[in-house]
Amino acid sequence: MKGNLPKGRINYAYLSRFNYKNFQLKCKNYWFKIGGRWRSCPLTCPIDRPHHKHVFWSWFGSFLAIAATAYLSVKTNSPLLMAPFGATSVLIFGVPESPLAQPRNVIGGNLVAALISLTILHLFGSSPWAMGMAVATAIAMMQFTGTVHPPSGAVALVVMMTKAPWQFLLTPALEGSIILVLCAVVFNNLAEERTYPKHWL
């Protein structure tokens, strides 16, 4: 019988199933997620600032960590790697309690990103779509392995942009990550009331 209905009546039947109120509710919820939290916490919201002792140890630790990894980047001719290492330092020294700043994430995330991007580089080259594939695949694999570390996305791009050799996986990616974590362990724990790491694995 449905095949005998006029075309106009079939279109009307489909349109009547479309729930405009449900669509409007979804739109309101979407815009609330974007702007609602801003209205509930404007510029006057308090910001937790660390004690000046914590700031000092963060400064001193990150200074030594970056100086050491900079030596590695010069030795291996990978100056661009200092950008993700700098971002890692912000996490491990600035917010060491963050799940993204734990040793598993720093070392694991950088290794996963380096391995995936090196594989894609040697299979497909360094074209723009290959760069996109390297970062996207690195993100997915970090999620699967529980090693999400935002600066690792930049590690993947450094590999693609510099056309790094396989040796990059160990030096400077692995060695640099270990140096950063060790400096964070030493200097974060010198500050009272600060513990790093929250967990190793």
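Predicted model: local features only at pLDDT ≥ 70, side-chain atom pairs only at ≥ 80, totals over all residues.

Me: What makes up the pattern of the protein along the sequence?

Reply: The pattern reads α-α-α-α-α-α-α-α, and the protein holds 8 helices and 0 strands. Helices (H or I, at least four residues) and strands (E, at least two) are DSSP runs, numbered from the N terminus.

Me: Why is Thr 147 called buried?

Reply: A residue is buried under 20% relative accessible area, exposed over 50% and partly exposed in between (1.4 Å probe, protein chains only). Thr 147 has 6% relative accessibility and therefore counts as buried. Thr 147 is found in the loop between helix 6 and helix 7. Leaving aside neighbours within four places in sequence, Thr 147 is in contact (heavy atoms within 4.5 Å) with residues including Arg 104, Asn 105 and Met 142.

Me: What makes the pairing of Thr 147 with Thr 145 a polar contact?

Reply: A polar contact is a pair of N or O atoms within 3.5 Å; within protein, one must be able to donate a hydrogen and the other to accept it, and residues adjacent in sequence count only if both atoms are side-chain atoms. The side chains of Thr 147 and Thr 145 make such a contact at 2.8 Å.

Me: Which residues of the largest nonpolar core touch the most other members?

Reply: They are Ile 92, Phe 93 and Phe 168, in a core of 35 residues. A nonpolar core is a set of buried Ala, Val, Leu, Ile, Met, Phe, Trp, Tyr and Cys residues joined through side-chain atoms within 4.5 Å. The elements that give two or more residues to this core are helix 4 (82-94), helix 5 (103-124), helix 6 (128-145), helix 7 (151-162) and helix 8 (170-188). Helix 5 gives the most, with 8 residues. Beyond neighbours within four places in sequence, Phe 168 is in contact with residues including Ser 78, Leu 81 and Ala 114.

Me: What covers the buried residues of helix 4?

Reply: The cover includes helix 3, helix 5, helix 7 and helix 8. Among the buried residues of helix 4 are Met 82, Phe 85, Ile 92 and Phe 93.

Me: Why is the pair of Trp 59 and Phe 63 called stacked?

Reply: Rings of Phe, Tyr and Trp (its six-membered ring) pair if their centres lie within 6.5 Å; planes under 30 degrees apart count as stacked, over 60 as edge-to-face and the rest as tilted. The rings of Trp 59 and Phe 63 are 5.8 Å apart centre to centre with 5° between the planes, a stacked pair. Both residues lie in helix 3 (residues 52-75), 4 residues apart, about one turn of the helix. Trp 59 is called exposed because its relative accessible area is 53%, whereas Phe 63, at 47%, counts as partly exposed. Ring pairs link Phe 56, Trp 57, Trp 59, Phe 60, Phe 63 and Phe 187 into a cluster.

Me: Is Ala 191 buried or exposed?

Reply: Ala 191 has a relative accessible area of 3% and is therefore buried. Its place is in the segment after helix 8. Not counting residues up to four places away in sequence, Ala 191 touches His 54 and Trp 57. The C-alpha atoms of Ala 191 and Trp 57 are 6.6 Å apart, although 134 residues separate them along the chain. Trp 57 lies in helix 3 and, at 23% relative accessibility, counts as partly exposed.

Notes: Residues numbered from 1 in each chain as written. Heavy atoms only, no water.
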